[in-house]
Amino acid sequence: MDSDRRGQWLRGVLDICVLALLSDRESYGYQLAQALDAAGVGPIQGGTLYPVLLRLQKTGLVTAQWREGSAGPARKYYRLTDDGYAALREGGSAWLTFVQPVNDIVTKGVTR
């Protein structure tokens, strides 16, 4: 896939993806990047992910706490706030409403 196109799509949904991952459990940045890659989103560089996490923290959608690592350096763990859960419900619903007609259109075009 064209990396420019993938990057544009990712910018539109990375916040929602991160919020959704954090809805299951708290996590640290590298673990989130691994989960996104494993889910098929592709590799996410720290220069892309950490500004998203900082923005989510500044807007009160996540909280962060540094913790000592058992076998390495301290890690910053992120957790959803109540506002984060609300933003996920609202943003996730809006995304699903948007993507369904796009999928329908593209599916019709691809299967011709």
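The expected span of a helix is 1.5 Å times one less than its number of residues. I note at the outset that the model is predicted.

**Entry 1: helix α4.** I applied this rule to α4, residues 82–110. Its 29 residues should span 42 Å, and I found the end C-alpha atoms 40 Å apart, which agrees. I then looked up which residues of α4 are buried: they are Gly84, Leu88, Gly91, Gly92 and Val99. The cover over these buried residues includes α1 and β3.

**Entry 2: the sheet.** I traced an open sheet of 3 strands, ordered β1-β3-β2, with antiparallel pairing. The edge strands are β1 (27–28) and β2 (62–67), each of which pairs on one side only. Between β2 and β3 I recorded 6 bridges. For Ala64, I looked up the bridge partner in β3, and it is Tyr78.

**Entry 3: the largest nonpolar core.** I recorded 18 residues in this core. The members that touch the most other members are Leu14, Val18, Leu19, Leu22, Leu49, Leu56 and Val62. Two or more residues each come from α1 (3–24), α2 (29–38), α3 (46–58) and β3 (75–80). Helix α1 gives the largest share, 5 residues.

**Entry 4: Leu49.** Which residues does Leu49 touch, not counting those up to four places away in sequence? I listed Val18, Gly29, Leu32, Ala33, Leu36 and Ile44.

How values were computed
Residues numbered from 1 in each chain as written. Predicted model: local features only at pLDDT ≥ 70, side-chain atom pairs only at ≥ 80, totals over all residues. Heavy atoms only, no water. Core = buried A, V, L, I, M, F, W, Y, C linked by side-chain atoms within 4.5 Å. Buried < 20%, exposed > 50% of the residue type's maximum accessible area, 1.4 Å probe, protein only. Helix = DSSP H or I, 4+ residues; strand = E, 2+ residues; numbered from the N terminus. Contact = heavy atoms within 4.5 Å. Pairing = 2+ DSSP bridges.
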